[in-house]
Amino acid sequence: MPHRWDDTWQTLLERAQQAIHLSYAPYSNYHVGCACLLEDGTILQGANVENASFPLSMCAERIALYTALIQHPAKVIRRLCILSKPSSLLTPCGACRQVLFEIEWRQQAAISILCYKDSKHYHIYPSAHSLLPDAFSPSILSR
Ligand code: THU
């Protein structure tokens, strides 16, 4: 049951916590760590990387997701975990939701998403679709 807390979420959480230390966020001082789990148990990490030219900054989620897609192109992404320092109950930004949605659409399998602040404040979304209802979908382009 990926929507409930289990040992796999605990492992993914710890890898996301480690990833926070890879964050480069001297402008916002908001450090985000991410870890995503592939179908074979492989875990990929991501952290936000900022730039003095602010719009060039990249979210932790997209770094982890794109790493997974390029390094493990044939594997389904099952779960993703994000957290921040200072800790807050952050949810993926709109751009990351759109990217998550398209990966889910491509692989035809849901990605469960854990947004974690602490052991009392976290939420597991069952899919990217649940975070972005009525999303702009690739299917709209292929009429
Ligand atoms: N950030 C993420 O890494 N993921 C999100 O979903 C929201 C925002 C980063 C981008 C920027 O480096 C910092 O958090 C503040 O917006």
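Let's start at H31, which sits in strand β1, residues 31-38. H31 is partly exposed, at a relative accessible area of 23%. On that scale, buried means under 20% relative accessible area, exposed means over 50%, and partly exposed is in between, with a 1.4 Å probe and protein chains only. Now look across to A47. H31 and A47 are 16 residues apart along the chain, and their C-alpha atoms are separated by 7.4 Å.

A word on the model. It is predicted, so local features need pLDDT of at least 70 and side-chain atom pairs count only at pLDDT 80 or more, while totals for chains, interfaces and linings use all residues. Residues are numbered from 1 along each chain as its sequence is written, and side-chain values use heavy atoms, with hydrogens and water left out.

Next, the ligand. Which residues are around it? They are S28, Y30, V32, N48, E50, C59, A60, E61, T91, P92 and C93.

Now the distances. A side-chain N or O atom of E50 is 2.5 Å from an oxygen atom of the ligand. A polar backbone atom of A60 is 3.0 Å from a ligand oxygen. For C93, a backbone N or O atom lies 3.0 Å from an oxygen atom of the ligand. How much of the ligand does the protein cover? On its own, the ligand has 380 Å² of accessible area, and the protein covers 77% of that. Those areas come from the Shrake-Rupley method with a 1.4 Å probe; for residues, only the protein chains shown count as cover.

On to helix α1, residues 7-19. It has 13 residues, and at 1.5 Å a residue it should span 18 Å. The expected span is 1.5 Å times one less than the number of residues. The end C-alpha atoms are 19 Å apart, which agrees. Which residues of α1 are buried? W9, L12, L13, A16 and A19. They cover an arc of only 115 degrees around the axis, so they lie on the same side of α1. The arc is that of the directions from the helix axis to the C-beta atoms.

Two side chains deserve a look. Take R79, in strand β3, residues 77-85. Is R79 buried or exposed? R79 is buried, with a relative accessible area of 9%. Its side chain makes a polar contact with the side chain of D6, at 3.0 Å. A polar contact is a pair of N or O atoms within 3.5 Å; within protein, one must be able to donate a hydrogen and the other to accept it, and residues adjacent in sequence count only if both atoms are side-chain atoms.

Then Q107, in helix α3, residues 94-107. Q107 is buried too, at 17% relative accessible area. A polar atom of its side chain lies 2.7 Å from the backbone oxygen of I77.

Now the backbone. Most residues other than glycine have a negative phi, and most peptide bonds are trans. N29, in the loop between α1 and β1, has a positive phi of about 55 degrees although it is not a glycine. Q108 also has a positive phi of about 55 degrees, and is not a glycine either. Q108 lies in the loop between α3 and β4, 112-118, and is exposed, with a relative accessible area of 65%. For the peptide bonds, go to K85 and P86: a cis bond joins them, with omega about 0 degrees. P86 is in the loop between β3 and α3.

Last, some pairs across the chain. V49 is in the loop between β2, 43-47, and α2, 60-71. V49 and A25 are 24 residues apart in sequence and 6.1 Å apart in space, C-alpha to C-alpha. S137 comes in the segment after α4, 128-131, and counts as buried at 9% relative accessibility. S137 and F101 are 36 residues apart in sequence, with 8.0 Å between their C-alpha atoms. Finally, C115 is in strand β4 and is buried, with a relative accessible area of 0%. C115 and S142 are 27 residues apart in sequence and 33 Å apart in space, C-alpha to C-alpha.

Notes:
A residue is near a molecule or strand if one of its heavy atoms lies within 4 Å of it. Helices (H or I, at least four residues) and strands (E, at least two) are DSSP runs, numbered from the N terminus.
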